[in-house]
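This report looks at the open spaces in the model and at the residues around them. Where do the pockets lie, and what lines them?

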Amino acid sequence: MDTNAEEDQTNLKDDEQFLISVEDTLQTVEKSVHKFMKDLPEALVTSGLDLDLERLNIQDRQKIQDLIGPKSLTDRINKEEKERISALEFECSQLHGQLRQQVDANKKAQEEIQYLREQILNQSTYCATLGAVLGNLTWRASRCPEIVDVWLSGFQDKIGEFLSITDGSFVAFINTYRNAFPPTCNVEYKFIIGLLGIVTNISATPEGREFLITDPNGRAFIQKMVKLMPTLPLSQGSLSLKRLMLMTFYNVSMNKTGLQHLFELRIGDMLSYYLKNNSLPDEILFLCLRVLYSITYGLTNPKYIHELITSLPIGKIENIATSNKNEMSTVAKQVIKQLRDSQKYIGSN
């Protein structure tokens, strides 16, 4: 046997010994593992680890139950929302009931208001009718100067109250029917006509116009008439009022104090407004010229003369004077003559 063969045989024996050694080691490890696995349950019981694990499982389950159970955060939120919704529903129910009560109360109040309106309307109509009847009866009675003298001699305080009532009623009537007057058969119209007629008849006597212009209520009413007359509609329904007002101005102008008061109220501007109206009925035009004749008679005050000359439609008055309208033309001629005669007083003071 050569040297190489001996070496190979020696190496083979060494390998066999190594494998036998490894096999012995593995068998020892296997036995140790089997013994460990066999002893492990007992060790766990002895150490109490399984109790800890069980306890941990119980706690975890409780926490999970708390999180996902009926008392979870979501359920609590839902419960709070339900309680809030229930409270709002209850409040809405109460408000609905209160609203229904309020609606019923309002309906009842509207019915009562309507009933009261009807009662007031009926009462107003009754009072207006009564006032119209009594006013017209008194108007007819006041045509007698003796009746007016009796009133002024013993009932001046009542006459003053009457003038105040007439003032308020007249202003209310004009404000209500400024654009169009009611028909002359209307009880309110008859009532106002009756009141104005009484004032006109009071101003027809010297004592009456003196009282009318010195009593505060009378002066205030004259002022209201001068101010409001240009605002009256031009309809036929207003002719009766305008006639009585112009007749009152004419009567007052025959009193020295009354004439002064009319000039202070710029009566010329009101007369000019009507004289410039080409559609003015002849009756009203004639009454305007009469008032103008009265206030220009013997006029010497330069201020008032200048106001009349600058405001009046002199050309139209001259045309009326040259027309064939008999009495109206005569009055217009006298007005023109008096205005020309008074011009010499302008600049004299």
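In this predicted model, the second largest pocket holds about 170 Å³ of space. Its lining is made up of Ala-128, Gly-168, Ser-169, Ala-172, Phe-173, Thr-176, Tyr-177, Glu-188, Phe-191 and Ile-192. Helix 5 and helix 6 each supply at least two residues of this lining, and helix 5 gives the most to it, with 5 residues. By class, the lining of the second largest pocket divides into 6 nonpolar, 3 polar and 1 charged residues.

The largest pocket has a volume of about 270 Å³. It is lined by 14 residues, of which Thr-138, Lys-158, Phe-162, Leu-195 and Ile-198 are the closest to its centre. Two or more lining residues come from each of helix 3 (73-141), helix 5 (156-176) and helix 6 (187-203), and the largest share of the lining of the largest pocket, 5 residues, is that of helix 5. This lining comprises 9 nonpolar, 3 polar and 2 charged residues.

| Pocket | Volume | Lining by class |
|---|---|---|
| Largest pocket | about 270 Å³ | 9 nonpolar, 3 polar and 2 charged residues |
| Second largest pocket | about 170 Å³ | 6 nonpolar, 3 polar and 1 charged residues |

Which helix gives the most to the lining of the second largest pocket? Helix 5 does, with 5 residues, and in the largest pocket the largest share, 5 residues, likewise comes from helix 5.

Notes:
Residues numbered from 1 in each chain as written. Predicted model: local features only at pLDDT ≥ 70, side-chain atom pairs only at ≥ 80, totals over all residues. Heavy atoms only, no water. 1 Å grid on protein atoms, 1.4 Å probe; cavity = no way out; pocket = protein on both sides within 12 Å on 5 of 7 lines; lining within 4 Å. Points joined across faces, edges and corners; volume = space filled by probe spheres on them. Helix = DSSP H or I, 4+ residues; strand = E, 2+ residues; numbered from the N terminus. Nonpolar A, V, L, I, M, F, W, Y, C, P; charged D, E, K, R; others polar.
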